[in-house]
Amino acid sequence: MESIKVIVVDDEAEFVHTLVERLKLRGFQVHGFVSGREAMKNLEVLDFDIALLDVRMPELGGLEIIEKIKRRWPRRQVILLTGHGSAEDAKRGLDLGACHYLMKPIRIEQLIECLHQAHETRQSP
């Protein structure tokens, strides 16, 4: 079975490092970025199935990135993460095409389940 390719984008470097390591241990191919701009520079050359995006980051947040991803790669899946979510952000993110909206701190089991669901959605015709 092919491993799921994930990008993690969050402005908290320790969170990105820890999540990348935990996902790699579970068989995912993962790349982490600590800014939206850094991620956008790499998206053209990275093959990914799912993007995990922090909603609020300096300069370029997850809601702006999801718009760009969905315009360029409509079948790629996006899961939004936030430490200070609002109903408005959740609605906007889901309207833009996010398949899940998760609150931090996240439970790794819940995230793994969401990643598998997102991957299945991407694979279906």
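Q: Let's start with K104. Which ring does the charged end of K104 sit over?
A: The charged end of K104 sits over the ring of F15, 4.7 Å from the ring's centre. A charge counts as sitting over a ring if NZ of Lys or CZ of Arg is within 6 Å of the ring centre and within 35 degrees of the ring normal.

Q: And what should I know about where these values come from?
A: This is a predicted model, where local features need pLDDT of at least 70 and side-chain atom pairs count only at pLDDT 80 or more, while totals for chains, interfaces and linings use all residues. Residues are numbered from 1 along each chain as its sequence is written, and side-chain values use heavy atoms, with hydrogens and water left out.

Q: Good to know. Which ring has the charged end of R76 over it?
A: That is the ring of F48, with the charged end of R76 4.5 Å from its centre.

Q: How many aromatic pairs turn up in the whole structure?
A: The search finds one aromatic pair. F48 and W73 form it, edge-to-face, with 5.8 Å centre to centre and 80 degrees between the planes. Rings of Phe, Tyr and Trp (its six-membered ring) pair if their centres lie within 6.5 Å; planes under 30 degrees apart count as stacked, over 60 as edge-to-face and the rest as tilted.

Q: Where do F48 and W73 lie in the chain?
A: F48 is in the loop between α2 and β3, and W73 is in the loop between α3 and β4 (77-82). The pair links distant parts of the chain, 25 residues apart. Helices (H or I, at least four residues) and strands (E, at least two) are DSSP runs, numbered from the N terminus.

Q: Is F48 buried or exposed?
A: F48 is buried, with a relative accessible area of 0%. W73 is buried too, at 13%. Buried means under 20% relative accessible area, exposed over 50%, and partly exposed in between (1.4 Å probe, protein chains only).

Q: Let's zoom out. How many helices and strands are there?
A: The protein chain has five helices and five strands. From the N terminus on, the elements run β-α-β-α-β-α-β-α-β-α.

Q: And how compact is the chain?
A: Its radius of gyration is 13 Å, close to the 14 Å that the globule rule gives for 125 residues, so the chain is as compact as a globular protein of that length. The radius is taken over C-alpha atoms, and the globule rule is 2.2 Å times the number of residues to the power 0.38. Along its principal axes, the C-alpha trace spans about 35 × 35 × 30 Å.

Q: What share of the residues is buried?
A: Of the 125 residues, 49% count as buried.

Q: Now charges. How many salt bridges are there?
A: The count comes to eleven salt bridges, each being a side-chain nitrogen of Lys or Arg within 4 Å of a carboxyl oxygen of Asp or Glu. One of them joins the side chains of E59 and R37, at 2.8 Å from N to O.

Q: Why does that pair tie together separate parts?
A: E59 lies in the loop between β3 (50-54) and α3 (62-72) and R37 in helix α2 (residues 36-43), so the pair ties together parts that are 22 residues apart in sequence. E59 is exposed at 66% relative accessibility, whereas R37 is partly exposed at 44%.

Q: What about R56, which residue does it bridge to?
A: R56 forms a salt bridge with D89, the closest N and O atoms being 2.8 Å apart. R56 lies in the loop between β3 and α3 and D89 in helix α4 (residues 87-96), so this pair ties together parts 33 residues apart in sequence. R56 is partly exposed at 41% relative accessibility, and D89 is buried at 10%.

Q: Which residues does R56 contact, beyond its neighbours within four places in sequence?
A: R56 is in contact with D11, H84, S86 and D89, where contact means heavy atoms within 4.5 Å.

Q: One more bridge, please! What does R92 pair with?
A: The side chains of R92 and E67 meet in a salt bridge, 3.4 Å from N to O. R92 is in helix α4 and E67 in helix α3, 25 residues apart. Salt bridges that share partners also join K5, D47, D49 and R76 into one network.
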